[in-house]
Amino acid sequence: MDHIESFTPEFDRFILGNAPLKRLATGFTWVEGPVWFGDVDCLLFNDIPANTIHRWNEGAGITAFRKPSNFANGQTRDRLGRLITCEHGSRSVTRTEHDGRITTLASHHEGKRLNSPNDVVVARDGSIWFTDPHYGIVSNFEGHDAPQELPCNVYRITPDGTLNAMITDFNCPNGLAFSPDEKHLYVAETGRRFHEDPCHIRRFNVAADFALSGGEIFHEISPGKSDGFRMDTDGNLWSSALDGVHCLSPEAKLLGKILVPEKVSNICFGGRAKHILFITATTSLYSISLNRNGAQTP
Ligand code: MG
């Protein structure tokens, strides 16, 4: 299989010998933010420059879910299954209620506008964690060119709605995910756009009260950057990279790669048993079935 590069026997077991890498749809501009809705059997994902949230399912293919999308980027679901969306255009994080209304959860910190929320996860207690780099306000391609008012932080919205800056020493935080036991939080650093900042994934220790410590460098993706990643049930981290999707063990060992013909932005697990990896990559949406299951954390 020329779309697989395996470096370990573990990864050989994750791969199904007869499962192809499928290109489900193409012709987009720059896609990100995949999130699976098993209850209605569809995937939502975003074409950010096209200002659209698309919906894909097996029978209908691609249909429009929301346009304009406020240049939506990263997405997940909360503990009640509601869609949580990072919006560059409104510089906010929103929740789509079960009746379709949209609620703004965070748009300002200490009286200043957020930059452009990029990626989001929800912890077991219902708190919402998101990264806020400046990528959506440095040009009109993925949002609205505008002055930066706040540092590029990682934030937590507590269950009562309070917004706290949890990590403040990044140049540009991007993808993030908790380990399945929520004892670790992984956050990608992807650097400011015209600078040669270091790019890597850092790992933080998470206390029972969600206080963070540590933050050492866990792994440096090469080639490319870790725009987005998700975990499987054993705590392996599946990350975007320039050449495809890289699978890292909890010890940061590169177990293997799924090679994708376009630069990968984000991934998510979906399907009946969370055994299908959905991959957004530049102009296309891909999938591949694995002998693995995504962690139940969204
Ligand atoms: Mg991202």
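Isoleucine 128 has its bridge partner, isoleucine 157, in strand 15. This is a predicted model, where local features need pLDDT of at least 70 and side-chain atom pairs count only at pLDDT 80 or more, while totals for chains, interfaces and linings use all residues. Residues are numbered from 1 along each chain as its sequence is written, and side-chain values use heavy atoms, with hydrogens and water left out.

Strand 15 covers residues 154-157 and runs antiparallel to strand 14, with four bridges joining the two. (Strands are DSSP runs of E, at least two residues long, numbered from the N terminus; two of them pair if DSSP finds at least two bridges between them.) Strand 14 also pairs with strand 13 (residues 120-122), again in the antiparallel sense, over three bridges. Here valine 120 has phenylalanine 130 of strand 14 as its bridge partner. Strands 13 and 14 make a hairpin with five residues between them, and glycine 126 in that turn has a positive phi of about 90°.

Which way do the side chains of strand 14 (residues 128-131) point? Ile128 and Phe130 go one way, Trp129 and Thr131 go the other, and all are buried (under 20% relative accessible area with a 1.4 Å probe, protein chains only).

## Strand 4, enclosed

Now for strand 4, residues 42-47. Six of its six residues are buried, so the strand is largely enclosed by the rest of the structure. Cys42, Leu44 and Asn46 point to one side, with Leu43, Phe45 and Asp47 pointing the other way.

Strand 4 has partners too. Strand 3 (residues 31-37) pairs with strand 4 in the antiparallel sense over five bridges, and in that pairing tryptophan 36 has leucine 43 as its bridge partner. The two strands form a hairpin with four residues between them, where aspartate 41 takes a positive phi near 55°. Strand 5 (residues 52-57) also pairs with strand 4 over five bridges, antiparallel, and isoleucine 53 in strand 5 stands opposite asparagine 46. Strand 4 and strand 5 make a hairpin as well, with four residues between them; asparagine 51 in the turn has a positive phi of about 60°.

## The magnesium site

What holds the magnesium ion on the protein side? Its protein donors are Asn118 (OD1), Asn174 (OD1) and Asp227 (OD), lying 2.1 to 2.2 Å from the ion. (Donors are N, O and S atoms within 2.8 Å of the metal, or 3.2 Å for Na, K and Ca; water is not among the atoms, so sites may look incomplete.) In sequence, the donor residues are spaced N-x55-N-x52-D.

Asparagine 174 sits in strand 17 (residues 173-178) and aspartate 227 in the loop between strand 20 (212-219) and strand 21, so the pair ties together parts that are 53 residues apart in sequence. Asparagine 174 is buried, with a relative accessible area of 4%. Aspartate 227 is buried as well, at 12%.

## An enclosed space

The largest cavity is lined by Gly33, Pro34, Gly74, Gln75, Asp119, Gly228, Phe229, Arg230, Asn266 and Ile267. (On a 1 Å grid over the protein atoms alone, a cavity is a set of points where a 1.4 Å probe fits but cannot get out, and lining residues have an atom within 4 Å of a point.) The elements that give two or more residues to this lining are strand 3, strand 7 (72-77), strand 21 (229-231) and strand 25 (266-270).

How values were computed
Buried < 20%, exposed > 50% of the residue type's maximum accessible area, 1.4 Å probe, protein only. 1 Å grid on protein atoms, 1.4 Å probe; cavity = no way out; pocket = protein on both sides within 12 Å on 5 of 7 lines; lining within 4 Å.
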